[in-house]
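Let us read this model feature by feature. The entry is shown first, and the dialogue follows.

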Amino acid sequence: MAVIEAAAVVNTLKGAADLIDKLRGSDDRDQLRAGVASLADMLVDARVKALDLIGDRALLIDERAKLNERVKALEAEVARVTDFGENSQKYERIRMPGGKFVFREKNPPGGNAGAPFFCPQCFMKQHISILQGRIIDSFHFCPNCKWNDHLNE
Ligand SMILES: [Zn+2]
C-alpha cells in the first residue's frame with residue numbers, strides 16, 4: 001500500500017516537473033496562469049500523499065514494535081513449554097493408596113521413600129510445584145495453587 005502511495009507521489013512530482021518544462025518555453029500569459037494553478041494543485045496533492053505516507057510509516061513502526069514484543073513473548077513461551085516438555089520426562093504420575101493422583105520423580109535421589117510429591121494441578125499447567133504435607137494424616141497442599149487433599153484416603 002505504501003509503495004503504491006509513494007509511486008503516486010513520485011508520479012505527481014514528475015508530472016509537475018514535466019509541466020514546468022512545458023511552461024518554460026511559453027509566452028502565453030493564460031497558459032502560464034493555468035499552468036501555475038495546475039502546479040499548485042499537483043504540489044498540494046503530493047504534499048497530502050507524502051503526509052499520509054509519514055503517518056502510515058509511524059503506524060507501521062508502532063505496529064512493528066508491538067509485533068516484535070509479541071514475537072519475544074511467544075519465543076519465551078515456546079522455550080518455557082519446550083523446557084517443561086523435556087523436564088517433565090523426569091516425572092511420573094502415581095496413584096496414591098487412597099486413589100488420588102500426584103506426580104513424583106521417576107528416579108529420585110535417595111529412592112522413593114521420603115521423595116517429595118508434586119502438585120497434579122500445577123503439573124497439568126506445566127509448572128512443577130512440590131506438595132507440602134503432614135505425616136500424621138497425609139494432608140498435602142500446594143503452596144502455588146492451593147490444591148490440597150488427604151493422599152491416603
Ligand atoms: Zn499446585
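**Reading a hairpin and its setting**

Q: In the hairpin of S1 and S2, which residue takes a positive phi?

A: The hairpin has 5 residues between its strands, and Gly-99 takes a positive phi near 100°. Strands (E, at least two residues) and helices (H or I, at least four) are DSSP runs, numbered from the N terminus. This is a predicted model, where local features need pLDDT of at least 70 and side-chain atom pairs count only at pLDDT 80 or more, while totals for chains, interfaces and linings use all residues. Residues are numbered from 1 along each chain as its sequence is written.

Q: In which sense do S1 and S2 pair?

A: Two strands pair if DSSP finds at least two bridges between them. S1 and S2 (residues 101-105) pair in the antiparallel sense over 5 bridges. Phe-101 in S2 is the bridge partner of Arg-95.

Q: How many residues of S1 are buried?

A: A residue is buried if 20 or more other C-beta atoms, placed from the backbone, lie within 10 Å of its own, exposed at 12 or fewer, and partly exposed in between. For the 5 residues of S1 (residues 91-95), the buried count is 0. Across the 153 residues of the protein, 6% count as buried.

Q: What is the pattern of elements along the sequence?

A: The protein has 3 helices and 5 strands, and they follow the pattern α-α-β-β-α-β-β-β. The radius of gyration is 36 Å, well over the 15 Å from the globule rule for 153 residues, so the protein is more spread out than a compact globule. That radius is taken over C-alpha atoms, and the rule is 2.2 Å times the number of residues to the power 0.38.

Q: What does the C-alpha trace span along its principal axes?

A: The span is about 110 × 25 × 20 Å.
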